[in-house]
Amino acid sequence: MGEVKVLQPGLFSSIQDYGRFGNMKFGVPASGVMDRYAARTANLMLRNNANDAVLEITMMGPKLEFTAATKIVISGAYLSPKLNTEEVKNNTILEIAKGDILSFGRRAYGCRAYLAITGGFTTEKVLGSKSWYEGISKYQKLEKDLVISYKEDLAGRIETNAGLKFNEDYLKTSEVEVYEGPEFKFLSETQKEHLRNSTFSIDQNNNRMAIQLQEQLQNDLKPIITGPVVPGTVQLTPSGKLIVLMRDCQTTGGYPRILQLSDKGIRTIAQKLTNENINFSFQQSL
Amino acid sequence: MSRNLPQISPLGDNAILVQFEQIISEELLNKVLYYRNLIQQIYIEQKVEVINTYNSILINYFVTIEDVYSDLEAIKKVFDQYNDTKNIESSIFEIPVCYDLNFGIDLEFIAKEKNLEISEIISLHMQPEYRVYFMGFLPGFLYLGGLDEKLHISRKSQPRMKIEKGAVGIGENQTGIYPKVSPGGWQIIGNCPLNFFDKNRKYPTLISAGDYIKFKSVDREEYDRIKLQVEQGNFQLKKQDRNG
């Protein structure tokens with residue numbers, strides 16, 4: 001068995017897979033990777049399952065020591081990773097030897113990077129998922145001296161599937177794909193135009209639970225009878241704030257659900273930093 | 001009776017939302033639960049979870065829906081079936097609550113506000129068989145229907161930073177039990193010694209959407225005894241069949 005030792009925790013990193021599926025009926029948030037595309041790409045490059053447990057790293061990466069040989073892939077945001085003293089690339093297989101140290105430097109683009117490891121991290125599973133979430137998993141985020149386990153991998157070099165290309169366009173675009181939400185039809189034409197044509201920016205209140213937007217939308221909609229919400233649901237609060245729910249969101253809510261992000265929309269906004277701009281790009285829903 | 005077909009549409013790339021009329025009623029809940037069960041039968045449970053709220057059914061997929069057109073058609077077909085809500089199986093649970101003033105920190109406030117004796121508040125709260133509509137807000141938090149109108153009271157103007165686990169509260173027309181320590185704005189009238197969510201159980205909650213609960217007043221001594229039994233894992237929750 002190998003272990004990743006946390007020498008420095010960085011800003012906020014947590015173990016995530018595709019989430020705690022099947023527990024919505026108990027009111028348990030799904031959790032899971034904010035950007036499934038990046039996590040999936042990193043996993044598939046290592047011939048893992050798409051939803052194996054990865055480390056989700058936010059903005060300022062940790063400093064990690066590996067106690068056994070393995071292979072890793074980093075994908076998503078580019079946070080200037082370094083293996084020992086050497087700069088390394090995203091989206092390539094990195095062979096790790098016992099004692100190697102991985103660290104991160106300047107953020108170049110994107111907000112969240114994903115570190116996948118051969119076989120996935122072998123950490124504790126709660127209610128069918130290894131995703132960390134306060135009150136459910138033992139840990140919530142990486143802390144100094146924490147150790148995370150994995151299976152040692154002594155096999156030699158593997159060839160990456162040549163068809164597996166990571167398209168970074170979404171990391172740099174401001175276009176966030178949305179559909180009309182269940183209560184969109186109750187908005188006035190002015191409000192709809194505002195959503196279609198304005199630029200919005202990411203508020204400092206943004207985390208794995210929700211991303212708030214700075215600009216407000218004049219609002220006279222009544223609250224709804226509490227109903228289901230999912231990651232990517234955009235709620236409009238009585239004061240006119242727009243709240244984009246993310247992976248750790250509650251399972252139900254009473255604010256009007258005016259927009260719904262597509263999968264691509266979710267990963268695009270998951271990679272944005274405070275003050276960065278977005279526009280909603282409306283997709284045809286059925 | 002006119003046939004009120006629900007609205008059925010995708011909610012993002014991973015879910016389909018079924019919405020009935022915008023009301024809260026037990027009759028509608030029975031209908032929602034009936035169709036929820038039928039829809040779940042279309043799917044493999046490991047890949048698609050079907051949940052309900054007051055007036056909605058959410059069909060939530062683990063990964064992106066592959067063929068949304070054919071799935072929408074399959075769901076629409078379910079509503080051709082006769083709505084036989086008599087088939088809703090449910091249970092009623094007896095939920096112990098200690099209404100001591102040490103726990104019921106807002107009882108005196110409510111008594112003054114509503115011009116009621118504290119004993120009246122407690123008996124009005126214990127009287128109904130509350131229907132469990134669904135769980136949400138926090139893991140194991142029950143959305144209950146049936147609170148007596150005399151007990152409807154607004155939330156605290158300044159929410160508390162910390163409400164104890166098990167706290168039983170009232171907010172507007174709702175009553176409920178905080179399953180864990182949490183911030184909250186409800187008026188607190190007592191505390192329940194049970195564990196409403198245990199992540200280590202295969203089925204982490206005791207109660208499901210559609211069930212009923214009835215509160216039973218216990219004194220502090222019995223509360224402590226139940227709490228100990230719950231911790232030791234040998235508390236027997238009182239449960240009876242009761243059709244919806």
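Reader: Which domains does the domain assignment of chain B give?
Author: The model is predicted. In chain B, the assignment gives two stretches, 7-87 and 91-241. They are named domain 1 (7-87) and domain 2 (91-241).

Reader: How many residues does domain 1 of chain B bring to the contact with domain 2 of chain B?
Author: Contact here means C-beta atoms, placed from the backbone, within 7 Å. Domain 2 of chain B gives six residues. From domain 1 of chain B the contact takes eight residues.

Reader: Which element gives the largest share of that side of domain 1 of chain B?
Author: Two elements each supply at least two residues there: α1 (26-42) and β3 (48-52) of chain B. By class, this side has five nonpolar, two polar and one charged residues. The largest share is three residues, and it comes from α1(B).

Reader: How far apart are the C-alpha centres of domain 1 and domain 2 of chain A?
Author: Take the bounds of chain A to begin with. Domain 1 covers 2-168 and domain 2 covers 173-282. Their C-alpha centres lie apart by 28 Å.

Reader: Which element gives the largest share of the side of domain 1 of chain A that touches domain 2 of chain A?
Author: In this contact, 17 residues of domain 1 of chain A meet 14 residues of domain 2 of chain A. On the domain 1 side, α1 (36-45), β5 (70-78) and β10 (109-117) of chain A give two or more residues. The largest share, three residues, is that of β10(A).

Reader: How many residues of that side of domain 1 of chain A are nonpolar?
Author: The side divides by class.

How values were computed:
Residues are numbered from 1 along each chain as its sequence is written. Chains are lettered from A and ligands numbered from 1 in the order in which they are written. This is a predicted model: local features need pLDDT of at least 70, side-chain atom pairs count only at pLDDT 80 or more; totals for chains, interfaces and linings use all residues. Domain bounds come from an automatic or database domain assignment. Two residues are in contact if their C-beta atoms, placed from the backbone, lie within 7 Å. Helices (H or I, at least four residues) and strands (E, at least two) are DSSP runs, numbered from the N terminus. Ala, Val, Leu, Ile, Met, Phe, Trp, Tyr, Cys and Pro count as nonpolar, Asp, Glu, Lys and Arg as charged, and the others, Gly among them, as polar.
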